[in-house]
Amino acid sequence: MAVSVRLRRMGSSKQPFYRIVVADGRTSTGGRFIETVGWYDPRRKADSDFELDAARVDYWVGCGARMSDTVRNLRRRAGDAAPAPAA
């Protein structure tokens with residue numbers, strides 16, 4: 001099973017809101033997931049436009065999960081200096 005840490009789109013039309021989830025890579029972006037590890041709101045203009053549980057992300061990456069590019073960028077913005085393994 002190829003596991004990935006990626007965004008899951010929520011919200012209504014033209015008002016996107018994303019949950020950061022750990023999911024099987026074969027499922028759709030709005031489909032089943034294993035665990036929710038954070039959220040991201042691109043419309044919010046405050047400093048805290050996302051939240052990420054770095055400990056859980058580290059656990060899943062340690063188990064072999066791949067992070068999407070957006071999640072990797074959010075993790076960098078959070079100030080996590082731990083380098084992510086190359087895909």
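How many helices and strands does the secondary structure of the chain come to?

1. Overall composition. The secondary structure comes to two helices and five strands, where helices (H or I, at least four residues) and strands (E, at least two) are DSSP runs numbered from the N terminus. Along the sequence these elements follow the pattern β-β-β-β-α-β-α.

2. Basis of the note. This is a predicted model, in which local features need pLDDT of at least 70, side-chain atom pairs count only at pLDDT 80 or more, and totals for chains, interfaces and linings use all residues. Residues are numbered from 1 along each chain as its sequence is written, and side-chain values use heavy atoms, with hydrogens and water left out.

3. The sheet. Five strands form an open sheet of mixed pairing, in the order S4-S3-S2-S1-S5; two strands count as paired if DSSP finds at least two bridges between them. Strand S4 (50–52) and strand S5 (66–67) stand at the edges with a single partner strand each, so one side of each is left without a neighbour in the sheet.

4. The hairpin. Strand S1 (residues 3–10) and strand S2 (residues 17–24) run antiparallel and are joined by eight bridges; within this pairing, Val5 has Val22 of S2 as its bridge partner. Six residues lie between the two strands of this hairpin, and Gly11 in the turn has a positive phi of about 90°.

5. Pairings of S3. Strand S3 (residues 35–40) pairs with S2 in the antiparallel sense over five bridges, and Tyr40 in S3 is the bridge partner of Tyr18. S3 also runs antiparallel to S4, to which three bridges join it; here Trp39 has Glu51 of S4 as its bridge partner.

6. Helix H1 (residues 54–62) lies across S1, S2, S3, S4 and S5 and runs at about 130° to S3. For this angle, axes are lines fitted to C-alpha atoms, for helices over the stretch in contact (heavy atoms within 4.5 Å); angles run from 0 to 180 degrees between N-to-C directions.

7. The core. The largest nonpolar core has 16 residues, and Val5, Ile20 and Val37 have the most contacts inside it. Such a core is a set of buried Ala, Val, Leu, Ile, Met, Phe, Trp, Tyr and Cys residues joined through side-chain atoms within 4.5 Å. At least two residues of this core come from each of S1, S2, S3, S4, H1 and helix H2 (69–77).

8. Burial. Buried residues make up 33% of the 87 residues in the chain, buried meaning under 20% relative accessible area (1.4 Å probe, protein chains only).

Terms used: Buried means under 20% relative accessible area, exposed over 50%, partly exposed in between (1.4 Å probe, protein chains only).
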